[in-house]
Amino acid sequence: MAILRIREQEVSYSYLYIVVSYIVIKYLLEQFINLRQLDQLSVKQMPIHIEQTLGITQKQFKRSQRFYYDKLSFEMYTKSIKTAIEIIVILCGVMPFIWERTVTFFKMDSNSEFQRGLAYIFVEFLRLKLIDVPNNFYNTHVIEKRYDLSQISFALQFSDLVIESALWVVFVPILLYSYLYVAELGGDYFFIAMQFFVLIMAIVSSLVYPNYIQPLFNEFEELKETQLKQAISQLALRMNFPLEKILVMDGSKRSDHSNAYFFGMYSKRIVLYDTLINNLTNEEIVAVVAHELGHWKYKHPYIKLFFFCIKILITFYIFGFYRDSDVVFLSFGFKEKSIFIGSALFFSLFEPMNTLFQIFELHLSRFFEYQADIFANHHGFGSYLMSGLIKLFKQNSTNLMIDPIYQWYYNSHPSLFERLKYLNKLR
C-alpha cells in the first residue's frame, strides 16, 4: 500500500483512548505486582526452609535481597518515566508530527514509504536511546557494581553502544524495505506472506547472530583438550547430540553472571561462559550442559519456533482488518495512511493480546526448564546440577524471595528454590 491521503471526516478518537487506557491499566497492574515483590524483598530474616535447602549464610541472603530491592526500585522509577512520556507522545500527536516532518526536515520523497519510514524509525531510535542509555549506565555502573556483579568498563559499554548503533544502520533499512515489499506483494493474503518472511528472518538471524554479530562483542576460543572437554564430548556422543565444537566465551569482562548454551542448525556448538568454568567443578559444568541438552532432546527450540509462527500468523491476520481503516489513522492524528504507520498503530492496539501471548510463553518456558532438569537428573546429574545452581546463586546473588504473582507474570525460569525443591523430589 503506497502512501495515501485520507479524506477528512468526522471520527471518534476511541482507538487512541483504548491504547492510552491500556497503557495506564498495564502500568498500574505492573506497579502493583512490583510492589508485592518489593514486600518479599523487604524480608530481612532468611526463612528456615531456604537455609536448610540451600545452606547459605544470612549475609548472602541479605545481599541478594538488597540487590534485587535496589534493582526493582530503579526499574519501577524508569517505568514511570517511560510510561508518562509514552502517554504524552500519543496524546500530543507527536507521532503524526514526526511523520509529517520527515518530508521537510529530512528532505525525503513524500511518496516514498521506505524513506519516510526509515526517518521516522531514526527519530524514534534517538528518543528511546536518550532514555535507555542513561538508565542502562546507571543500572550497570551504580547498582550492579555496588554488589560487585558488573565488570564492564565505561569504555567497553560505550563501545558496545557504538557497535549496536552501527548494526542498526546496516540492518534496519534492509529489514524495513523487505517488510514493506513483502506486505505490498502479499496483497489480500499478505498475512501468509508475512508468516514466511518472519520465519525466514528468524532462521537467518539464528545463523548470522552467533557466528558474525556476537563475536563483535565477545571473544570465543575452543575449549582446550581437558577432562572437561572429554566429559562433555562423551555426554554429547551418548545423547547423539551433533556436537561440532565446545567454545569458551569471555563473559567475565562484562559481569560475573554465568551461563551455557548451544547454537547451530545442524551441527551444534556449545558455549560456556568463562565464569562458569572458573566457579564450578567439572561435574557441575557437565550437569549444566546436560540441562541444555535436555532442551535439545525435547525439541524446545522448535516448539518455541512453532508457537512463534502461530503468534505471527494470528497477529498479521488480525492486522489485515485494520491496515486499510481510515478511522484508525485519523483517530491518532494521521492524515495519510501506509503499511508502515498502520503497522505501528496496530501493534499498539494489539498490545493486550500480545501480553497474553507473553504470559503463555513464560509459562511454557518455565515448564521447559523443569523438563530439562528432569532430563539432567535422569542421566545421573541431579545432585551436581543442584550444587552447581547453589554456587551460581552465591556468585550471581540470585533472587530467592519471589512473589507468586510476580513469578507468574515476569519470570521465564522457576526460582532457584523451586528448582532445587523439584530436583530433590526426583532423587
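Is Arg269 buried, partly exposed or exposed? With a relative accessibility of 22%, Arg269 counts as partly exposed. The model discussed here is predicted.

Arg269 pairs with Glu244 in a salt bridge, with an N to O distance of 3.4 Å. Glu244 lies in strand S3 (residues 243-249) and Arg269 in strand S5 (residues 268-273), so the pair ties together parts that are 25 residues apart in sequence. Glu244 is partly exposed, at 38% relative accessible area.

## Salt bridges involving helices

Glu284 and Lys391 form a salt bridge whose closest N and O atoms are 3.0 Å apart. Because Glu284 belongs to helix H10 (residues 282-297) and Lys391 to helix H15 (residues 382-396), this pair ties together parts 107 residues apart in sequence. Glu284 is buried, with a relative accessible area of 4%, whereas Lys391 is partly exposed at 32%. Elsewhere, salt bridges with shared partners join Lys26, Glu30, Lys79 and Glu351 into one network.

Within helix H5 (residues 113-146), Glu124 and Arg127 sit 3 residues apart, about one turn of the helix. Their side chains meet in a salt bridge at 2.9 Å, N to O. Glu124 is buried at 16% relative accessibility, and Arg127 is partly exposed at 24%. The count for the model comes to 19 salt bridges.

## Positive patch

Lys44, Lys59, Lys62 and Arg66 form a positive surface patch. Arg66 is part of helix H3 (residues 58-91) and is partly exposed, at 44% relative accessibility.

## Annotated transmembrane regions

An unreviewed UniProt entry places the feature "transmembrane region" at several spans, including residues 81-99 and 161-183. Residues 81-99 are 89% helix and 0% strand, with end C-alpha atoms 24 Å apart. Residues 161-183 are 100% helix and 0% strand, and their end C-alpha atoms lie 31 Å apart.

Notes. Residues are numbered from 1 along each chain as its sequence is written. This is a predicted model: local features need pLDDT of at least 70, side-chain atom pairs count only at pLDDT 80 or more; totals for chains, interfaces and linings use all residues. Side-chain values use heavy atoms; hydrogens and water are left out. Patches are made of residues with over 30% relative accessible area and no salt bridge: like charges are joined within 9 Å, nonpolar side chains (Val, Leu, Ile, Met, Phe, Trp, Tyr) within 5 Å. Accessible areas come from the Shrake-Rupley method with a 1.4 Å probe; for residues, only the protein chains shown count as cover. A salt bridge is a side-chain nitrogen of Lys or Arg within 4 Å of a carboxyl oxygen of Asp or Glu. Lys and Arg count as positive and Asp and Glu as negative; His and the chain ends are not counted. The place of a charge is taken as NZ of Lys, CZ of Arg, CG of Asp or CD of Glu. Helices (H or I, at least four residues) and strands (E, at least two) are DSSP runs, numbered from the N terminus. Buried means under 20% relative accessible area, exposed over 50%, partly exposed in between (1.4 Å probe, protein chains only). UniProt positions are given in the numbering used here, feature names are shortened, and annotations may be inferred rather than shown by experiment.
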